[in-house]
Amino acid sequence: MVHELTRDQARRIIVRAQLLDADRPGDVVEVAEQLGYLKIDPTAVIAPCEHTTLWSRIGWSYETGQLKKAVEDDRLLFELDGAYRPTSLLPLMRAGMRRWPQHAGWRQWMQANEAFAKEVVARLRAEGPLRAEQIPDTAAVMLDTSDGWYGPNQVPRMLEALSRQGVVAVTAREGRVRVWDVAERVFPQDLPAYPDDEADRMLRERRLQAAGLAKQNSPWTRVGDAGEAARVEGSTWKWRVDPQALERVDDEVDGRVALLNPYDGMLADRPRLKEVFEFEFVLEQFKPKAQRVYGYFAHPILMGDRFVGLLDAAVDKKEGMLRVDAIHELIPLEPEEMEMIRAEIAELAQWLGVPVAEQR
């Protein structure tokens, strides 16, 4: 059976799956369990991505300490590959960890640095938890540093590589600095084990649960044959839909305004945004200033199930305020709709603990 979906239905499914309707979740873990991951990014034009992602779902009751508690004290979330993930996903990710690395370059580097890897693990086991700077770099071979993201020190790269294999893990953060330890002292030891094929299948199902609706062969949302087949009005793509999401497909989305960090997972699958929401989002962070249209780090504005604008705003730490430079309209907005957006901006400022200063 192939489900026939209108564009309106497709948008509703995605918005609900991303917890962006009016039925707000109650806590950090509930959000992470549904979304599958919370991207970590240090860019704090307004606030770091992991915190704005949670605020945009939970609202005013979210406090940043709740995330730290869930990760470091309760161990209900863990950090891997630039994101916080629910610990319930760890058993499903073990299969991929055992297969990593599959890229030839990483494989050769790990083989050449086998002794280095053993030294890093041994030091953590004996002295951990440790920051990367506390571990000597004894690498025999360096990875290419021409991308500009890494310096010559190979310790951070080895720690990341070993974390992808499930050998070491981030146990805490001191500010933005990661503190590492051996995985058995970080992860719960009573987690279930699954055969690789079953774990892979369950992981695809969890990805589809978070997406609601995804292109079958999308590299952005790797759901494979999870869920059920679907067609979306006006689209030639082959889609997969979460069966549970179909239960409310004809219910209107209770509208609210959501201000989304540019690195929010809702925005990660750019082709899906364009295909279903008719929204072509371009992050202008890395564009020269003269070429920017909407601003350095403009936050997309979702109203109900449509993207209606972009917020160009930043926290001015020197003046202690949320400076709103522009609210760019993608479609003409009614006065009451603009007031809804301004009310959400005011809520954001209140959460940040600063007043709003809007350019008129």
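Ala169 stands opposite Asp181 in strand β7, a pairing that belongs to an open sheet of three strands in the order β5-β7-β6, with antiparallel pairing. The model is a predicted one, in which local features need pLDDT of at least 70 and side-chain atom pairs count only at pLDDT 80 or more, while totals for chains, interfaces and linings use all residues. Residues are numbered from 1 along each chain as its sequence is written, and side-chain values use heavy atoms, with hydrogens and water left out. Helices (H or I, at least four residues) and strands (E, at least two) are DSSP runs, numbered from the N terminus.

- The edge strands are β5 (130-131) and β6 (168-174), each of which pairs on one side only; two strands count as paired if DSSP finds at least two bridges between them.
- Strand β5 is joined by two bridges to β7 (residues 177-182), and these strands run antiparallel; Leu130 lies opposite Trp180 of β7, and Arg131 has Val179 as its bridge partner in β7.
- Between β6 and β7, which also run antiparallel, there are six bridges.
- The strands β6 and β7 form a hairpin with two residues between them, and in that turn Gly175 has a positive phi of about 70 degrees.

**Helices against the sheet**

- Helix α7 (residues 114-127) packs on the sheet and touches β5, β6 and β7, its direction making about 90 degrees with that of β7; here axes are lines fitted to C-alpha atoms, for helices over the stretch in contact, and angles run from 0 to 180 degrees between N-to-C directions.
- Helix α8 (residues 155-164) lies across β6 and β7, and runs at about 55 degrees to β7.
- Ser163 is found in helix α8, and it counts as buried because its relative accessibility is 8%, where buried means under 20% relative accessible area, exposed over 50%, and partly exposed in between (1.4 Å probe, protein chains only).
- Leaving aside neighbours within four places in sequence, Ser163 is in contact (heavy atoms within 4.5 Å) with Leu80, Met97, Val168 and Trp180.

**Helix pairs**

- Helix α6 (residues 104-112) packs with α8 at an angle of about 110 degrees, the two axes being 12 Å apart, and α6 and α8 are therefore roughly perpendicular to each other; angles under 35 degrees count as roughly parallel, over 145 as roughly antiparallel, 65 to 115 as roughly perpendicular, and the rest as oblique.
- On the α6 side this contact is made by Trp106, Trp109 and Met110, and on the α8 side by Arg157, Met158, Ala161 and Leu162.
- The residues of the contact of α6 with α8 divide into six nonpolar, no polar and one charged, with Ala, Val, Leu, Ile, Met, Phe, Trp, Tyr, Cys and Pro counting as nonpolar, Asp, Glu, Lys and Arg as charged, and the others, Gly among them, as polar.
- The axes of helix α3 (residues 49-58) and helix α11 (residues 335-352) come within 12 Å and cross at roughly 125 degrees, which makes α3 oblique to α11.
- The contact between them is made by His51, Thr52 and Trp55 of α3 together with Glu344, Glu347, Leu348 and Trp351 of α11, and its residues divide into three nonpolar, two polar and two charged.

**Helix α1**

- Helix α1 (residues 7-17) is mostly covered, with 10 of its 11 residues buried, among them Arg7, Ile13, Ile14 and Val15.
- Just after α1, Leu19 takes a positive phi of about 60 degrees.
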